[in-house]
Each structure stands twice: as structure tokens, then as C-alpha cells.
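Thanks for coming. Please have the structure open.

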Amino acid sequence: MSTPAVSVPGLPSQDLDITMTDAPTLAPVGPALIDWDHQLLGFDWSSNDWRNEIEVLSIVPCTALQQSTVHKVAVSQAQYDINYRPYDVVLELSPIQVEMFHRIGYTNERIVSLSVVEARSIFNYLISLTGTAETTPHPQVSEQSVPPGQVVQPRKGSNTDSDLGSRLEASFRSDPPKPEARKDLPGSDRRSPKQTATEPSPEPVSGTSPDQSTTQGIAKSDTPGLYTVGFELEVTIAVRPTANAVKGKPHPNETRLVSESSDDALARAYWQQRTVDQVLGAMNSQTDLVFIRKDEDEGKSTYDLRTGHLVRLDQADDRNSLMAHTRGVGDEVEKSARAALDELKRRSYFNADAGRDIRLLTEKDVTDAVDAVLTSGLPQARDRLGDLIRLESFRAKRDPHHVYLHRMKPRYRAFSAYCMDTACLGPVRSEDYADPPHISLGNPKHLYQWENIKVSSPVLRLDEKIQDILASVIQTLRNNFAIHKDMASIPVTTQIVLSHTTGFSLLELKKIITMVAVFEGHIRRLNRKWRAPMRYDRICGPLKEVSKIGSVVYNDPEPKIFDTLNILPQPSDNERGFFRQQLHNHVPLQVINESFSDTVFYTALWHYRSISDLSRGVGTGDQERKPAFVTKCKGGSSTAPFNENAIVPDSQIDFGFNVVDAERGVFEFRHCSASLDPEHIYNWMIVCHRLMDAARTQDDYVFRETILRFCSGRTTFMEAIGVPRDIQAYFVTRMQRCGYFNPDDGPISWNDPFWEAV
């Protein structure tokens, strides 16, 4: 079957002559197929209603279009609707716009459920980015790493699809426009972090925390900045006795189980959710901290768009500004939605005692709340009310102690708890206990249902308040749950995450990683001995052995297969000479090398030309295998969200980690086992901070001298990095004869396997 020629206004109709067969495919007329990308981009969609061209759009092979074409056309078509159809009640999406949402992970059901307000907000955001002049990232080596006399030319822009695709990926981030930098952060200090004054803010919305709810957050350019810290506690909880416990509850006097039921009929997922809910409930009711759920779609485009929509609404200063973000919402709709929200507040609808904690709302809870007050009226008011409820919940998900950083992931403004998909007591044997249960009772791992729960803190200031926060979290956990004590057979970790609000340079990154590698053997001795052997390499492996650089350098590969993945750096001749001199100025290779492989390792480390490439090199590239020190940073000469100058583009690298703070990056210390002793965790946190601060702030001479004095035996590891003497004494007095930290008297007794209440 054939059809007459179809035309796009503004283009000659003969350019688009096509022939349709019975099969839904396009056939060429002449030597080539239609170049749909060229035709669509050549038409002014922002001035013409796409609905008038639906006949043409219906035959466009959308799935075959380039990513950049889909993005530009979809945004231009949205621009027309925003300019000329601002009060649509029912959302209409063009085939190109539907394709755009598909490509960022939206299902058909999610697209159908989009409200006008939400869709318009997304397109407004993309339009604002499209209208911003783009700058090309510039140096191929860091500014402080440019050899004398060498001029680094800016990289020419690219119009290739891959380059435009990376811009599209950037446009889907939820981050708000970067604010102007403040000149200073009162009370901050580069070397000794102190309490930082926050800007005055209006009264928080009902149900929110009294924090910087309407500020833009601390920007990377705000100097001198301050250190930030986070911690993640992995705990193994006895949820309930199982049917295998034939003689009843294994510990009759234990009252902290999630449930007394030994019925195995319910699915594991039910008990996991119930355990998380009880952890969240206990924390929110018994502390002054704010605990929230981890969103299931975190890390996906749907999460970025959803939270981005809420971030933009949250940052509106008044109703006029808010309306600018939500064009299409008329006065009657806004009035009706806000009146309904006021009615919900008057009823105290969002009440934790009634099971409707504003901080823990689900989409079902939002729908139920809308149904409770709006059963009729303007159709769009229901969508608007749903957005207002989500915004209330979003603002409530902020802990009063958190540090708000520009562009940070929203979840890290509060504490969170979630279930880990890992084996709990899988490796445990009866003989691991001092007095194991009788053989007739079976292995302890079968007597309870065990679940590993991770408790994550928000981004916090590294100051004296952290001790009280740690004590509050740990006391509530130990008083409410039966948590198994620290044991070699249970591979869980206490993680310390450190960063600085001004980010890191490439040189600082090299110094930090070098100091970790040089001191790593002694760092491990401040933790349990059992975390040092090879069986823990997937949990906290030595940096020089499990990293990608280590796999190349220390495995003595055949020359013909050496570095097939291009892990080692590839600097230019000029860069190589400069990096070699930089290495000599900072690192006394002659005293730290135990083998030729050590020389290769440190030489390779100091020859990387971008942060992204260096992070790739010191990582494992495997989510299931982690070094004891994890570098979660991206960038070129300094930490930044994207680095186009990397040898391997960021978009093609699986770094093996989720971005916590795209602007600055973070460092994760995984050496410590699952401790629930707040003094231990705090002291270990200070050691990690002093190591990073010493590496970051020392100049080349002092840095080199610190390593030289340590390697020549003139100072200890903790003295070398400036650990306070009382903290040094804490670790030294708890060392075993073998030289590893061990505060316990001996093996754990099965009669008393849980952390005691406090």
C-alpha cells in the first residue's frame, strides 16, 4: 500500500516522499532513507504546535533517532506548550516526548500517570539547562601540574552524538542551578573543623526539621570550607526464632526480637520490611534524629527526575516563584489544593501514631491522603495536592544535625535504614562459639531468622557533637534489637565516609592514596586481626592487592597480556616528565619500596592525569569486591560531576560505586568490623580524619619527611599523622600480643551472643 507524499511545514514536500508497504516499515525513494534526525532538527517546534504535524510524527521511527535529537525536539515541543498552552488540564505528550521518557526509564504506566504539573516542571528544568551557555572543560592536566613553559590548549567542542548524549545525561540530574558563592563560611576551619554558622531561615513548614530548608546549601566554591563525615553501621539482627528451634526460643530471656513467631510460612521479604519498619519507628520515636527509608529506585533516572522536581519546588521562595516552576496550575486549582492541604493539617492526618509519619510516606499514603479530602472538584487539583503532600514529606526528611551541600543526594540529609541483600550468618559454624549449642539443636545460623540492616547517617560536621549522635543511635539499636556481637564469621562492616566541602584536587588525591598505601599495614592493626586475611578481600581487601592497579602490577602477568584493560596511565611526554618530578618531590621511593612492583605501583599512581582515571585505577570495578579504602571521586584536575578529558570517558566507566556527592567526592574507610561501641567508632573516625587531613594539607617537603620518618622508624604511624595522645592510648592499650586491636576477652559465648542493652 502506498501513500501520497507527507510534508513538514517549512520544508519542500518532495524531500519527504515515502512509500508505505503493508509492513510498518519505511522504504527509500531513491538512493537513501529519510534522515529523520536532520528533518526534525530543521523544523522550529518551539513556534509550531506539534499536534498539527501528528500525521508526520506518527510515522517517525522514534526508537532509531539519536539521543540528542530526541532531547532537543522534545524540549522544543514542550517550549511551545508552555508558551502558548499554559492552562491545559489534561497532559498531552508527543511521540518524541514519550520516547524521551522511555529512554530515561519511565514505564508506560508511569508516563500515563504523569500530571501536567510534574511534566511541565521537568520540561521547564530541561529548558533552563538548554538555554545555558555550555563551557568546554579545559586542561588535560591539572593547573598545578602544568610543566613550566607548556601551554595547555582548550579542547575544541564536539557536535557528535556521543558528546550531545553526555550533555543529555547531565541534564537529567536533579541538581538546582548553582548559587553564587558566599565569600566565607563563618566559623569554618580547614584543619580543625568547627561548628559552621547557618544562615537564618524562615519558619519551617509544619512537620519539617528546623534546618536550612530554603537555602541553596554550601557550595564547593565556599571557602575555606570544612570537613564532613558520615558513618554506616551494618548490624546483624535476630528477627525471630525459626521452626528449626524445636525446643522453643533459643534464648528464653531475650525480649528484643522483632517477633516471637516461629512460623516460617511468611516470605522473607515480609520480615525484612517489618524489621526495617521497626528500626525506623524506634529511631524516630526514641531519638531527636530523623530516619527515612531508602527509595527503591535510587540510582535510576526516575529517582533523579522525581527528586529534581521536588528540589525545584522546595527552593521556591514564595508562591510567585513556586508558580514559575509549575506553569499550568491556575489560581482555582492552587487555591483548592492548598485548602485541602490545610484541612489535612487541621485533622492532624499525618500522625506517626496513626501509622502515617510524614517522613515515611509511600505513594499509596499520598493517594489515600488525597482521597481523604478531595473526592470531587477540579481534576487538576488532585495532582497538585499530591505534589504538595510530597513536598511536605520531602521537607520533613531532614535531620537537624545534617550539613546541606549543594548538589548532594537528598537521602544524605537524614539518617536511613534498609535491608542488605547479603548472607547473614551463612559462614557461621557451631565451633565458632565458646560454648556452641548442643548438636541436637543445630547450627546457630538456623535457629533464628537473621537479617543484616544498614544504618546510614546524613552528611555531618566532624566536631564534638558526633559523639553524642553516635551514642544516641547505638543506644537505641542495642536497647531495642537483638544484634549479634562482632565475630569473624559475620562479614559486616562499620564504614567511615569523609569529605571536604571544597572538594579535592588531583594532587591531593594522589597524596591521600599514597599515604593510605604506605600506612595500610599499620592501619589494619587498629582493627580486628581477622579482617586482614585473604578471606576478607571482598569486604576490605588491601588497596595494593585488590585494586585494578594492583592486579596489573603485583600479579606478574605475561608481557603479551600486560594491562589489556588500559588501567595504567598514559600521559604525554611533557606530562610524564612533570609527574616524575612531582613524585620525586613527595615520595621517598628508595625507603618505601619492598619490591620492584612497589616502584611500579607508586610510579603509576603519580602519573594519572585525571581524577576519574585515578579512581578507576584504585577501585576494583566490582560492586561485590571492595578495597578497605574506597575512592568515590570523579573529575579532571579537581573533583566534579563529569570529566570529558579522561582517557576513558566517565560515561563508559563502571566505577563500582554510587555517587554520594557528585561535586566533591568522598573517601570510604572499610577497615573496621561491626562495632556497636561509640567510643571505638569515634576514635577510629578521628584516626581516619587525621590521616586524610595530613595528606591533604602538608606541602611536598613535609609530606615527604612524614613518610621518610615513619619508614625509617623515627615515629609511629599515629604520631606521624597527628592522632591525639589519648586516642593513641585507647588503641595501644587494647592491642593483642599479635599487635591487632582486640578489646574482648575471648570467643563469643552462644549463651550470650547479643550486644547487651545500655
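Glutamate 298 and lysine 409 meet through their side chains in a salt bridge, 3.6 Å from N to O. By salt bridge I mean a side-chain nitrogen of Lys or Arg within 4 Å of a carboxyl oxygen of Asp or Glu. This pair links distant parts of the chain, 111 residues apart: glutamate 298 sits in the loop between strand E4 (291-292) and helix H9 (301-314), and lysine 409 in the loop between helix H13 (379-396) and strand E5 (415-419). Helices (H or I, at least four residues) and strands (E, at least two) are DSSP runs, numbered from the N terminus. Both glutamate 298 and lysine 409 are buried. Buried is under 20% relative accessible area, exposed is over 50%, and partly exposed is in between, with a 1.4 Å probe and protein chains only.

A word on the source. This is a predicted model, where local features need pLDDT of at least 70, side-chain atom pairs count only at pLDDT 80 or more, and totals for chains, interfaces and linings use all residues. Residues are numbered from 1 along each chain as its sequence is written, and side-chain values use heavy atoms, with hydrogens and water left out.

Now the other salt bridges. The structure holds 35 of them. Aspartate 49 pairs with arginine 51 in one, with the closest N and O atoms 2.8 Å apart, and both of these residues are buried. Asp49 and Arg51 also belong to a salt-bridge network with Asp81 and Glu92. Asp81 is one of the buried residues of helix H3. H3 covers residues 67-84, which is 18 residues, and spans 26 Å from first C-alpha to last, close to the 26 Å expected at 1.5 Å a residue. The expected span is 1.5 Å times one less than the number of residues.

Arginine 714 forms a salt bridge with glutamate 705, with 3.7 Å between the closest N and O atoms. Glutamate 705 is partly exposed, at 25% relative accessible area.

Next, helix packing. How far apart are the axes of helix H15 (residues 506-524) and helix H24 (residues 700-711)? The axes are 12 Å apart, and the helices pack at an angle of about 10°. Axes here are lines fitted to C-alpha atoms, for helices over the stretch in contact, and angles run from 0 to 180 degrees between N-to-C directions. H15 is therefore roughly parallel to H24; the cut-offs are under 35 degrees for roughly parallel, over 145 for roughly antiparallel, 65 to 115 for roughly perpendicular, and oblique for the rest. Lys511, Thr514, Met515, Val518, Phe519 and His522 in H15 meet Phe703, Thr706, Ile707, Phe710 and Cys711 in H24. Contact means heavy atoms within 4.5 Å.

Two backbone details. Threonine 223 and proline 224 are joined by a cis peptide bond, with omega about 5°, and proline 224 lies in the loop between helix H7 (161-171) and strand E3 (227-241). Serine 348 has a positive phi, near 55°, in a residue other than glycine. Serine 348 is in the loop between helix H11 (331-346) and helix H12 (363-373), and counts as partly exposed at 45% relative accessibility.

Finally, the whole chain. There are 26 helices and 10 strands. Of the 758 residues, 53% are buried. Among contacts with a separation of 6 or more, 78% are between residues 24 or more positions apart.
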